[in-house]
Amino acid sequence: MLRAMFSGRMEVLTDSEGWILIDRCGKHFGSILNFLRDGTLPLPENRRELLELQQEAKYYLVQDLCTLIESALKVREELEPICQVPLITSSREEQQLVASTSKPVVKLICNRHNNKYSYTSNSDDNLLKNIELFDKLSLRFHGRVMFIKDVIGSNEICCWSFFGHGAKIAEVCCTSIVYGTDKKHTKVEFPEARIFEETLNVLLYEHRGKGPDAELMQATRGARDGAQGYNSDEDVEEKLDRAMRRK
């Protein structure tokens with residue numbers, strides 16, 4: 001297209017001094033020229049800028065550059081993460097995230113270095129189990145719930161918080177102080193059933209302006225009251241699966 005414009009084979013607009021006027025943003029014009037000169041071009045890392053460059057390449061009919069960009073976009077889509085978990089370091093960041101989303105929010109505080117005492121024998125394993133469960137839930141429900149992780153901004157060691165409609169509705173603290181024969185110890189627990197239950201509860205707040213989901217409410221009530229023989233972690237996860245399949 002540029003060759004046709006400057007060879008006289010294509011009608012173009014000019015100013016009073018004879019300069020050719022091109023009614024396009026000049027942001028990526030240098031990149032177009034560099035590709036025409038060299039036959040190659042370092043592509044932008046930012047997806048938005050890459051799409052902008054693609055539009056310019058299509059306008060100027062630079063087919064080889066269009067093909068290069070399409071291949072790059074395809075590769076980046078394949079490498080795009082399944083979900084992204086914001087990492088926060090202060091209560092201010094937490095408040096901003098909770099207020100900015102219409103989704104329910106699940107937050108895990110995980111900071112092993114907040115401890116003043118030595119840990120009990122199973123605490124390290126339980127801390128890892130809490131982290132693994134958080135990762136599992138975030139992969140499973142990232143499209144419906146915002147998951148955030150706090151690694152600095154609290155004095156807690158391991159604590160789950162659940163938010164709905166911008167307000168905290170539940171908290172599950174996994175640490176306690178126990179007394180040994182000679183000194184205090186910090187104990188980290190893994191209340192898996194309770195965490196599953198509160199995750200189920202928070203889904204009731206998924207749609208602002210609407211009433212609670214009846215099926216989720218029933219599943220939650222059954223888990224809390226023991227109406228369906230709630231005795232184990234597997235029972236809670238099974239109820240969660242069943243409620244999700246109905247959605």
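Me: Before we start, what is a nonpolar core?
Reply: A nonpolar core is a set of buried Ala, Val, Leu, Ile, Met, Phe, Trp, Tyr and Cys residues joined through side-chain atoms within 4.5 Å. The model discussed here is predicted.

Me: How many residues has the largest nonpolar core, and which have the most contacts inside it?
Reply: The largest nonpolar core has 23 residues. Those with the most contacts inside it are Val 106, Leu 137, Phe 147, Trp 160, Phe 162 and Ile 195.

Me: Which elements give two or more residues to this core?
Reply: They are strand E4 (105-110), H6, strand E7 (158-164), strand E8 (167-173) and helix H7 (192-202). The largest share of this core comes from H6, with five residues.

Me: And what does Val 106 contact, leaving aside neighbours within four places in sequence?
Reply: Val 106 is in contact with Phe 134, Val 145, Met 146, Phe 147, Ile 148, Trp 160, Ser 161, Phe 162 and Val 202, once those neighbours are left aside.

Me: Is their crossing left-handed or right-handed?
Reply: H6 and H7 cross in a right-handed manner.

Me: Which residues meet there?
Reply: From H6, the residues are Asn 130, Leu 133, Lys 136, Leu 137 and Arg 140. They meet Glu 192, Ile 195, Phe 196 and Thr 199 of H7. Two of these names have already come up, as Leu 137 and Ile 195 are listed with the most contacts inside the largest core.

Me: Where is Ser 123 found?
Reply: Ser 123 is found in helix H6, which covers residues 123-141.

Me: Buried or exposed?
Reply: Ser 123 is buried, because its relative accessible area is 1% and the cut-off for buried is under 20%.

Me: What does its side chain make a polar contact with?
Reply: The partner is the side chain of Thr 120, at 2.6 Å. Not counting residues up to four places away in sequence, Ser 123 also touches Thr 186, Lys 187 and Val 188.

Me: Which residues does Thr 175 touch?
Reply: Not counting residues up to four places away in sequence, Thr 175 touches Glu 156, Ile 157, Cys 158, Lys 187 and Val 188. Lys 187 and Val 188 are also touched by Ser 123. Thr 175 lies in strand E9 (residues 175-179) and is buried, with a relative accessible area of 18%.

Me: New topic: where does Pro 104 lie?
Reply: Pro 104 lies in the loop between helix H5 (91-100) and E4. Its relative accessibility is 0%, so Pro 104 counts as buried.

Me: What does Pro 104 touch?
Reply: Setting aside residues up to four places away in sequence, Pro 104 touches Arg 144, Val 145, Met 146, Phe 163, Val 202, Tyr 205 and Glu 206. Pro 104 and Gly 166 are 62 residues apart in sequence, and their C-alpha atoms are 7.8 Å apart in space.

Me: Where is the place of Val 145?
Reply: Val 145 sits in the loop between H6 and strand E6 (146-150). Val 145 is buried, with a relative accessible area of 1%. Not counting residues up to four places away in sequence, Val 145 touches Lys 103, Pro 104, Val 105, Val 106 and Leu 203.

Me: Which residue other than glycine has a phi near 60 degrees?
Reply: Leu 61 has a positive phi near 60 degrees. Most residues other than glycine have a negative phi. Leu 61 lies in the loop between helix H3 (47-59) and helix H4 (63-79), and at 61% relative accessibility it counts as exposed.

Me: What about the phi of His 165?
Reply: His 165 has a positive phi of about 55 degrees, although it is not a glycine. His 165 lies in the loop between E7 and E8 and, at 38% relative accessibility, counts as partly exposed.

Me: Lastly, how many helices and strands has the protein chain?
Reply: The protein chain has nine helices and 10 strands. Of its 247 residues, 37% are buried.

Conventions: Residues numbered from 1 in each chain as written. Predicted model: local features only at pLDDT ≥ 70, side-chain atom pairs only at ≥ 80, totals over all residues. Heavy atoms only, no water. Helix = DSSP H or I, 4+ residues; strand = E, 2+ residues; numbered from the N terminus. Buried < 20%, exposed > 50% of the residue type's maximum accessible area, 1.4 Å probe, protein only. Polar contact = N/O pair within 3.5 Å; in protein donor to acceptor, adjacent residues only side chain to side chain. Contact = heavy atoms within 4.5 Å. Left-handed = near helix turned anticlockwise from the far one by under 90°.
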